[in-house]
Amino acid sequence: MALGRCFIKCFCIIIFFFVLQASALWSLSYYTSPLLVFYLYRKGYICSSKLVPVGQYVGTLLIVLVGVACLRGIGRWTNPEYIQFITILEETKRNNRSENKVHGLNWGFADCRIYWANRASVWPVDFNWSDVSSRKELTKGGVSLLKSEPKHRGAADSLLSSVRKLPCQLVSYLIAHSFGRRMLYPGSVCLLQKAMRPMLQQGQARLVEEFDGERAKLVACDGNEIDTMFVDRRMGAGEQGHTLVICCEGNAGFYEVGCMNTPLEGGYSVLGWNHPGFGGSTGVPFPQNEANAMDVVVQYAIHRLGFKLDDIIIYAWSIGGFTATWAAMSYPDIRALVLDASFDDLLPLALKVMPESWRSLVTRTVRQYMNLNNADQLCKYQGPVLLIRRTKDEIITTSGPEDIMSNRGNDLLLRLLQFRYPKVMTEDGIRAVREWLGAGTNIEEASVYSRYEVDDDWCTSVLQSYQTDLATEFPWSVGEDMTSEGRRQLALFLARKYMRNFDTTHCTPLPYAEFHSPWRL
């Protein structure tokens, strides 16, 4: 009897992985189906005489697949470990306790383990945006996004213009909802997720087993389910454990293997989440859905995990800067914002990889469907900010990693300084900051700083006096009656406080030694 059970168990594991491979082949055929249909048509296979035998083969294959599914079902229900797993699953649906999830995640039977890791939808919801009693008014798509001001035209001109632009708008829609979204967020592509599945499972198990992480399913205002992982360090001896770092991943990043590790090394409490369509999260990662997801994550941190806004730091890598700046704009009382390898605006980066002849189409598509306007959102935030620039970044540069001045992180810094300190960032101040940004090494950076004879103590005293006597909200008018030399010194001082360089490429994990709390005056 024991030998028979062992045989059935092994056979079911083999069948299970066969089904996984079949699923991968189906995904591949789905994306290549237009090319396949065109090829078959050109070869003359799409006709009644050819389709009959093909239909017979397809029918036979379907019968085989149904048989395999039946055998897998028999194997599952004759396995006591799987029966116990299903019992825990049903108990969790009735009584949502974290220990049940841990049992499900750490199950020994491979089938059960993969089922839990990839079928988060079967587990009950831990937090819903509607659970919060006081909510801001929602727009049609969800939470409010920062949009550019519409141009005012006459009614007849507006109607005629809309009719003319209809074909271009249709093409923009098709581009954005087909390959455009997948190019911008490759982590949402099923094939990539299948390839990364073993790595994601290991990363998830590590967060639970080594850090006592608690996985939770949140429901955003648009109905998307957001997969999160929370590591609580408040019971430890370290003071940093009482600060929560919410991590926003890149366009192919997952919390299982992403930037969560950096604040974890520092002893912070950490909350990671996956973009819509990534891992256990549902939906597609368009800007509106991204903002909706970020909103429910922050609400979860406040109302369920018990953190105050002043105890929360938002940390983002790469394209995660969009949701991070949105959160900072929408929740201005958060403690600080850290942006690593992020950019000011998506459009220049999109134009870099598309043909020049497509410029107007790309501009329309980005502005209408993928408007990641990080700099605009960042300027709405009044709190401390730290920008981390990768000096060998090959992703967010418009000409190449060797040209550090084409790094869009430079433009993000300039936009922020020009908004907060407009009287300092005059032509002289901008020129000095650009020279400092062109320094690719610490030695070159220090050389620029010393050449302008920047006095850190004097700069600090000037800013503190202004903050005490005149204002606390940006923009400040400090530097209005200052000499050109003073403005240059102050501009370089501020640039050095708001940005730090990290000598590496875009995808290198950020070590904790480079993760600093933003400067406070």
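Student: What makes H17 and H18 a helix pair in contact?
Tutor: In this predicted model, Asp456, Trp458, Cys459, Thr460, Val462 and Leu463 of H17 meet Gly486, Gln489, Leu490, Phe493 and Leu494 of H18. Contact requires heavy atoms within 4.5 Å. By class, the residues of this contact are seven nonpolar, three polar and one charged.

Student: Why are H17 and H18 called roughly perpendicular?
Tutor: The axes of H17 (residues 456-469) and H18 cross at roughly 90° and come within 10 Å. The term covers angles of 65 to 115 degrees, and H17 and H18 are therefore roughly perpendicular to each other.

Student: Why is H16 described as roughly antiparallel to H18?
Tutor: The axes of H16 (residues 442-451) and H18 cross at roughly 150° and come within 10 Å. Angles over 145 degrees count as roughly antiparallel, and that makes H16 roughly antiparallel to H18. The crossing of H16 and H18 is left-handed.

Student: Which residues make the contact of H16 with H18?
Tutor: On the H16 side they are Glu445, Val448 and Tyr449, and these meet Leu492, Phe493 and Arg496 of H18. The residues divide into four nonpolar, no polar and two charged.

Student: Why are H14 and H18 called oblique?
Tutor: The axes of H14 (residues 408-420) and H18 (residues 484-498) cross at roughly 125°. Roughly perpendicular covers 65 to 115 degrees and roughly antiparallel begins over 145, with the rest, apart from angles under 35, counted as oblique. H14 and H18 are therefore oblique to each other. Their axes come within 11 Å, and H14 passes H18 in a right-handed crossing.

Student: Which residues form the contact between H14 and H18?
Tutor: H14 contributes Leu413, Leu416, Leu417 and Arg420, while H18 contributes Leu494, Ala495 and Tyr498. Six of the residues in this contact are nonpolar, none is polar and one is charged.

Student: How many cavities of 30 Å³ or more does the structure hold?
Tutor: The structure holds two. The second largest cavity has a volume of about 50 Å³.

Student: What lines the second largest cavity?
Tutor: Its lining consists of Leu339, Ala341, Ser342, Leu387, Ile388, Arg389, Ile396, Asn407, Gly409, Leu412 and Met499. Strand S8 (385-390) and H14 each supply at least two residues of that lining. The largest share, three residues, comes from S8. By class, the lining has seven nonpolar, three polar and one charged residues.

Student: What makes a site a pocket rather than a cavity, and what volume does the second largest pocket have?
Tutor: A pocket is an open set of grid points, whereas the points of a cavity are ones where a 1.4 Å probe fits but cannot get out. The second largest pocket has a volume of about 550 Å³. It is lined by 26 residues, of which Met183, Leu184, Leu346, Ala350 and Val353 lie nearest its centre. Helix H6 (155-184), helix H11 (346-353) and helix H12 (359-369) are the elements that give two or more residues to this lining. The lining of the second largest pocket has 19 nonpolar, five polar and two charged residues.

Student: What makes the phi of Ser318 worth noting?
Tutor: Most residues other than glycine have a negative phi. Phi of Ser318 is near 60°, a positive value in a residue other than glycine. Ser318 is placed in the loop between strand S6 (312-317) and helix H10 (321-330).

Conventions: Residues are numbered from 1 along each chain as its sequence is written. This is a predicted model: local features need pLDDT of at least 70, side-chain atom pairs count only at pLDDT 80 or more; totals for chains, interfaces and linings use all residues. Side-chain values use heavy atoms; hydrogens and water are left out. Axes are lines fitted to C-alpha atoms, for helices over the stretch in contact, and angles run from 0 to 180 degrees between N-to-C directions. Helices (H or I, at least four residues) and strands (E, at least two) are DSSP runs, numbered from the N terminus. A crossing is left-handed if the near helix is turned anticlockwise from the far one by less than a right angle, and right-handed if clockwise. Ala, Val, Leu, Ile, Met, Phe, Trp, Tyr, Cys and Pro count as nonpolar, Asp, Glu, Lys and Arg as charged, and the others, Gly among them, as polar. On a 1 Å grid over the protein atoms alone, a cavity is a set of points where a 1.4 Å probe fits but cannot get out, and a pocket is an open set with protein on both sides within 12 Å along at least five of seven lines; lining residues have an atom within 4 Å of a point. Grid points are joined across faces, edges and corners, and a volume is the space filled by probe spheres set on the points.
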